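Trainee: I would like to learn how to read charge pairs and strand pairing in a model. Where do we begin?

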Amino acid sequence: MQITALASSSKGNCYLISDGVSSILIEIGIPLKEIKSKVDINFTSLSGCLISHEHNDHSKYAKDLIKYCDIYASSGTLEAINIETYKYKQHTLKHGKVVEISSFKVLPFDTQHDAKEPLGFLIQSNITGKKLLFATDTYYIKPRFSGLNYIMIECNYASDIADGNNLNKVVRERLKKSHFELENVKSFLKANNLSKVKKIYLIHLSDGNSDAERFKREIMELTGIPVEVC
(Lines give C-alpha, C1' and ligand atoms only; values in the text may rest on other atoms or scores of the structure.)
Protein backbone atom coordinates (compact mmCIF):
# COMPACT_ATOMS: atom_id res chain seq x y z
CA MET A 1 0.00 0.00 0.00
CA GLN A 2 1.40 3.38 -1.00
CA ILE A 3 0.64 6.26 1.35
CA THR A 4 1.41 9.87 0.42
CA ALA A 5 0.74 12.74 2.82
CA LEU A 6 0.03 15.78 0.67
CA ALA A 7 -0.87 18.08 3.58
CA SER A 8 -1.34 17.53 7.31
CA SER A 9 -2.07 20.51 9.54
CA SER A 10 -4.80 22.91 10.61
CA LYS A 11 -4.15 24.75 7.33
CA GLY A 12 -5.28 21.76 5.28
CA ASN A 13 -5.24 17.96 5.13
CA CYS A 14 -5.07 15.54 2.22
CA TYR A 15 -3.66 12.02 1.84
CA LEU A 16 -3.35 9.79 -1.23
CA ILE A 17 -3.71 6.02 -0.80
CA SER A 18 -3.01 3.48 -3.55
CA ASP A 19 -2.80 -0.31 -3.77
CA GLY A 20 -1.51 -0.45 -7.33
CA VAL A 21 -4.98 -0.91 -8.78
CA SER A 22 -7.06 1.84 -7.19
CA SER A 23 -6.32 5.21 -5.61
CA ILE A 24 -8.39 7.20 -3.13
CA LEU A 25 -7.96 10.47 -1.31
CA ILE A 26 -8.60 10.88 2.38
CA GLU A 27 -9.63 14.48 3.11
CA ILE A 28 -9.71 17.33 0.62
CA GLY A 29 -8.68 20.40 2.61
CA ILE A 30 -6.24 21.81 0.05
CA PRO A 31 -6.81 23.16 -3.49
CA LEU A 32 -6.69 20.75 -6.38
CA LYS A 33 -3.90 22.77 -8.00
CA GLU A 34 -1.80 22.28 -4.86
CA ILE A 35 -2.33 18.52 -5.06
CA LYS A 36 -1.28 18.59 -8.72
CA SER A 37 1.88 20.48 -7.79
CA LYS A 38 2.88 17.69 -5.39
CA VAL A 39 1.89 14.53 -7.26
CA ASP A 40 1.14 13.57 -10.85
CA ILE A 41 -2.53 12.73 -10.62
CA ASN A 42 -5.56 12.53 -12.86
CA PHE A 43 -8.52 13.28 -10.60
CA THR A 44 -10.93 11.37 -12.84
CA SER A 45 -8.90 8.21 -12.19
CA LEU A 46 -9.54 8.38 -8.44
CA SER A 47 -11.98 5.82 -7.08
CA GLY A 48 -13.23 8.26 -4.45
CA CYS A 49 -12.48 10.59 -1.58
CA LEU A 50 -13.17 9.87 2.09
CA ILE A 51 -13.90 12.88 4.30
CA SER A 52 -13.74 12.48 8.08
CA HIS A 53 -15.76 15.59 8.99
CA GLU A 54 -16.87 18.97 7.73
CA HIS A 55 -14.24 21.37 9.08
CA ASN A 56 -12.62 23.35 6.28
CA ASP A 57 -9.12 21.97 6.75
CA HIS A 58 -10.57 18.55 5.84
CA SER A 59 -13.37 19.32 3.38
CA LYS A 60 -13.07 22.83 1.91
CA TYR A 61 -12.39 21.74 -1.66
CA ALA A 62 -14.92 18.90 -1.87
CA LYS A 63 -17.06 21.07 -4.14
CA ASP A 64 -14.21 21.20 -6.63
CA LEU A 65 -13.18 17.55 -6.38
CA ILE A 66 -16.70 16.15 -6.75
CA LYS A 67 -16.67 17.25 -10.40
CA TYR A 68 -14.12 14.47 -10.98
CA CYS A 69 -14.74 11.73 -8.41
CA ASP A 70 -17.23 10.51 -5.81
CA ILE A 71 -17.26 11.74 -2.21
CA TYR A 72 -17.82 9.45 0.80
CA ALA A 73 -18.73 10.83 4.24
CA SER A 74 -21.29 10.55 7.03
CA SER A 75 -24.74 12.05 6.58
CA GLY A 76 -23.85 14.76 9.11
CA THR A 77 -20.71 15.68 7.22
CA LEU A 78 -22.45 15.72 3.84
CA GLU A 79 -25.23 17.89 5.27
CA ALA A 80 -22.70 20.34 6.71
CA ILE A 81 -20.62 20.50 3.52
CA ASN A 82 -23.84 21.07 1.58
CA ILE A 83 -22.81 20.37 -1.99
CA GLU A 84 -26.01 21.14 -3.85
CA THR A 85 -24.92 19.62 -7.16
CA TYR A 86 -23.68 16.12 -8.09
CA LYS A 87 -25.92 14.44 -5.52
CA TYR A 88 -25.39 11.11 -7.28
CA LYS A 89 -21.68 11.36 -6.45
CA GLN A 90 -22.28 11.76 -2.71
CA HIS A 91 -22.28 8.53 -0.71
CA THR A 92 -23.31 8.23 2.93
CA LEU A 93 -21.10 6.29 5.31
CA LYS A 94 -22.37 4.80 8.56
CA HIS A 95 -20.50 3.61 11.63
CA GLY A 96 -19.83 -0.11 11.41
CA LYS A 97 -21.15 -0.55 7.86
CA VAL A 98 -18.54 -1.69 5.34
CA VAL A 99 -18.52 -0.07 1.89
CA GLU A 100 -16.59 -1.18 -1.19
CA ILE A 101 -14.74 1.55 -3.10
CA SER A 102 -13.20 -0.14 -6.12
CA SER A 103 -10.47 -2.44 -4.74
CA PHE A 104 -10.74 -1.00 -1.22
CA LYS A 105 -13.00 -2.14 1.59
CA VAL A 106 -13.75 0.68 4.06
CA LEU A 107 -15.14 0.27 7.58
CA PRO A 108 -16.13 3.66 9.07
CA PHE A 109 -16.13 4.10 12.84
CA ASP A 110 -17.20 6.91 15.17
CA THR A 111 -14.66 9.42 16.46
CA GLN A 112 -14.99 12.12 19.12
CA HIS A 113 -14.79 15.69 17.79
CA ASP A 114 -16.78 18.92 17.75
CA ALA A 115 -18.34 18.13 14.38
CA LYS A 116 -21.74 16.81 13.29
CA GLU A 117 -20.85 13.16 12.66
CA PRO A 118 -17.08 12.58 12.46
CA LEU A 119 -15.63 9.28 11.35
CA GLY A 120 -12.37 7.36 11.23
CA PHE A 121 -11.67 4.69 8.63
CA LEU A 122 -10.32 1.14 8.58
CA ILE A 123 -9.25 0.62 4.98
CA GLN A 124 -8.29 -2.76 3.52
CA SER A 125 -7.07 -3.48 0.01
CA ASN A 126 -8.73 -6.43 -1.66
CA ILE A 127 -5.61 -6.66 -3.84
CA THR A 128 -2.87 -6.79 -1.21
CA GLY A 129 -4.89 -7.60 1.91
CA LYS A 130 -3.09 -4.79 3.76
CA LYS A 131 -5.00 -2.82 6.38
CA LEU A 132 -4.69 0.91 7.12
CA LEU A 133 -6.21 2.64 10.14
CA PHE A 134 -6.93 6.35 9.69
CA ALA A 135 -8.09 8.53 12.59
CA THR A 136 -7.82 12.28 13.00
CA ASP A 137 -9.44 15.08 15.01
CA THR A 138 -10.56 12.96 17.94
CA TYR A 139 -9.66 12.86 21.61
CA TYR A 140 -10.52 9.17 21.97
CA ILE A 141 -11.01 6.07 19.81
CA LYS A 142 -13.41 3.50 21.20
CA PRO A 143 -12.91 0.51 18.84
CA ARG A 144 -9.91 -1.81 19.10
CA PHE A 145 -8.20 -3.26 16.05
CA SER A 146 -6.01 -6.18 15.02
CA GLY A 147 -4.21 -7.17 11.85
CA LEU A 148 -3.23 -3.58 11.07
CA ASN A 149 -0.32 -2.95 8.72
CA TYR A 150 -0.29 0.84 8.71
CA ILE A 151 -1.60 3.43 11.16
CA MET A 152 -2.26 7.08 10.34
CA ILE A 153 -3.20 8.74 13.60
CA GLU A 154 -3.52 12.27 14.88
CA CYS A 155 -0.95 13.25 17.50
CA ASN A 156 -1.99 16.86 17.86
CA TYR A 157 -0.42 18.11 21.08
CA ALA A 158 1.30 17.33 24.36
CA SER A 159 -0.33 18.55 27.57
CA ASP A 160 2.91 19.90 29.03
CA ILE A 161 3.60 21.96 25.91
CA ALA A 162 0.04 23.30 25.82
CA ASP A 163 0.22 24.13 29.54
CA GLY A 164 3.47 26.02 28.98
CA ASN A 165 1.80 28.09 26.28
CA ASN A 166 -0.76 29.42 28.78
CA LEU A 167 -3.72 28.87 26.48
CA ASN A 168 -6.93 30.57 27.46
CA LYS A 169 -9.58 28.37 29.05
CA VAL A 170 -11.84 28.14 26.00
CA VAL A 171 -9.02 27.14 23.66
CA ARG A 172 -7.61 24.71 26.20
CA GLU A 173 -10.96 22.98 26.77
CA ARG A 174 -11.63 22.64 23.04
CA LEU A 175 -8.17 21.16 22.54
CA LYS A 176 -8.81 18.54 25.24
CA LYS A 177 -12.25 17.61 23.90
CA SER A 178 -11.50 17.51 20.18
CA HIS A 179 -7.91 16.43 19.51
CA PHE A 180 -5.62 13.49 20.31
CA GLU A 181 -2.98 14.21 22.96
CA LEU A 182 0.39 12.43 22.92
CA GLU A 183 -0.21 10.29 26.02
CA ASN A 184 -3.66 9.31 24.78
CA VAL A 185 -2.15 8.24 21.47
CA LYS A 186 0.28 6.05 23.40
CA SER A 187 -2.57 4.53 25.39
CA PHE A 188 -4.46 3.75 22.20
CA LEU A 189 -1.43 2.10 20.60
CA LYS A 190 -0.79 -0.01 23.70
CA ALA A 191 -4.42 -1.17 23.68
CA ASN A 192 -4.21 -2.53 20.13
CA ASN A 193 -2.41 -5.43 18.48
CA LEU A 194 0.54 -3.89 16.61
CA SER A 195 2.31 -7.13 15.73
CA LYS A 196 1.82 -6.67 11.98
CA VAL A 197 2.21 -2.88 11.81
CA LYS A 198 4.95 -1.82 9.40
CA LYS A 199 4.75 1.94 9.91
CA ILE A 200 2.98 4.57 12.00
CA TYR A 201 2.23 7.99 10.53
CA LEU A 202 1.65 10.83 12.99
CA ILE A 203 -0.68 13.36 11.41
CA HIS A 204 -2.31 16.72 12.15
CA LEU A 205 0.26 18.06 14.63
CA SER A 206 -0.58 21.39 16.23
CA ASP A 207 1.52 24.33 15.05
CA GLY A 208 2.27 25.56 18.55
CA ASN A 209 1.50 22.72 20.95
CA SER A 210 3.54 19.88 19.47
CA ASP A 211 7.13 18.73 19.03
CA ALA A 212 7.59 16.55 15.94
CA GLU A 213 10.97 15.11 16.91
CA ARG A 214 9.87 14.32 20.45
CA PHE A 215 6.61 12.72 19.30
CA LYS A 216 8.44 10.58 16.76
CA ARG A 217 11.04 9.49 19.28
CA GLU A 218 8.59 8.62 22.03
CA ILE A 219 6.23 6.66 19.77
CA MET A 220 9.16 4.73 18.27
CA GLU A 221 10.49 3.95 21.77
CA LEU A 222 7.06 2.74 22.84
CA THR A 223 6.27 0.57 19.82
CA GLY A 224 9.59 -0.29 18.17
CA ILE A 225 7.89 0.54 14.85
CA PRO A 226 9.16 3.07 12.25
CA VAL A 227 7.38 6.41 12.62
CA GLU A 228 6.90 9.19 10.08
CA VAL A 229 5.66 12.63 11.06
CA CYS A 230 3.49 14.11 8.31
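Mentor: Start with one pair. The side chains of Glu 34 and Lys 38 form a salt bridge, with 3.2 Å from N to O. Remember that this is a predicted model.

Trainee: What is the general idea behind such a pair?

Mentor: Side chains of opposite charge can pair when their charged atoms come close. The cut-off here is 4 Å between a Lys or Arg side-chain nitrogen and a carboxyl oxygen of Asp or Glu. By this rule the count is seven salt bridges.

Trainee: Where do Glu 34 and Lys 38 lie?

Mentor: Both are in helix α1, residues 32–38. They sit four residues apart, about one turn of the helix.

Trainee: How do Glu 34 and Lys 38 count: buried, partly exposed or exposed?

Mentor: Use the cut-offs: buried is under 20% relative accessible area, exposed is over 50%, and partly exposed is in between. Glu 34 has 28% relative accessibility, so Glu 34 counts as partly exposed. Lys 38 has 45%, so Lys 38 also counts as partly exposed.

Trainee: Which residue forms a salt bridge with Lys 186?

Mentor: Glu 218 does, with the closest N and O atoms 2.6 Å apart. This pair links distant parts of the chain: Glu 218 is in helix α8 (residues 212–223) and Lys 186 in helix α7 (residues 182–190), 32 residues apart. Both Glu 218 and Lys 186 are buried.

Trainee: What else does Glu 218 pair with?

Mentor: Arg 214, at 3.0 Å between the closest N and O atoms. Arg 214 and Glu 218 both lie in helix α8, four residues apart. Arg 214 is buried, as is Glu 218. Now follow the shared partners: salt bridges join Asp 160, Glu 183, Lys 186, Arg 214 and Glu 218 into one network.

Trainee: Next, sheets. How do I read strand pairing?

Mentor: Strands of a sheet pair through backbone hydrogen bonds, either parallel or antiparallel. Here an open sheet of six strands runs in the order β1-β2-β3-β4-β5-β6, with mixed pairing.

Trainee: Which strands stand at the edges?

Mentor: β1 (2–9) and β6 (90–93). Each has a single partner strand, so one side of each is left without a neighbour in the sheet. Neighbouring strands of this sheet are turned by 25° against each other on average, direction ignored.

Trainee: How do β4 and β5 run: parallel or antiparallel?

Mentor: Parallel. Two bridges join β4 (residues 48–50) to β5 (residues 71–74).

Trainee: How many bridges join β8 to β9?

Mentor: Seven, and β8 and β9 (residues 119–125) run antiparallel. Pro 108 stands opposite Phe 121 in β9.

Trainee: What about the whole protein?

Mentor: Count elements, then check the overall dimensions. The protein has eight helices and 13 strands. Its radius of gyration is 17 Å, close to the 17 Å that the globule rule gives for 230 residues, so it is as compact as a globular protein of that length. Of the 230 residues, 54% count as buried.

Conventions. Residues numbered from 1 in each chain as written. Predicted model: local features only at pLDDT ≥ 70, side-chain atom pairs only at ≥ 80, totals over all residues. Heavy atoms only, no water. Pairing = 2+ DSSP bridges. Axes fitted to C-alpha atoms, helices over the stretch in contact; angles between N-to-C directions. Buried < 20%, exposed > 50% of the residue type's maximum accessible area, 1.4 Å probe, protein only. Rg over C-alpha atoms; globule rule 2.2 N^0.38 Å.
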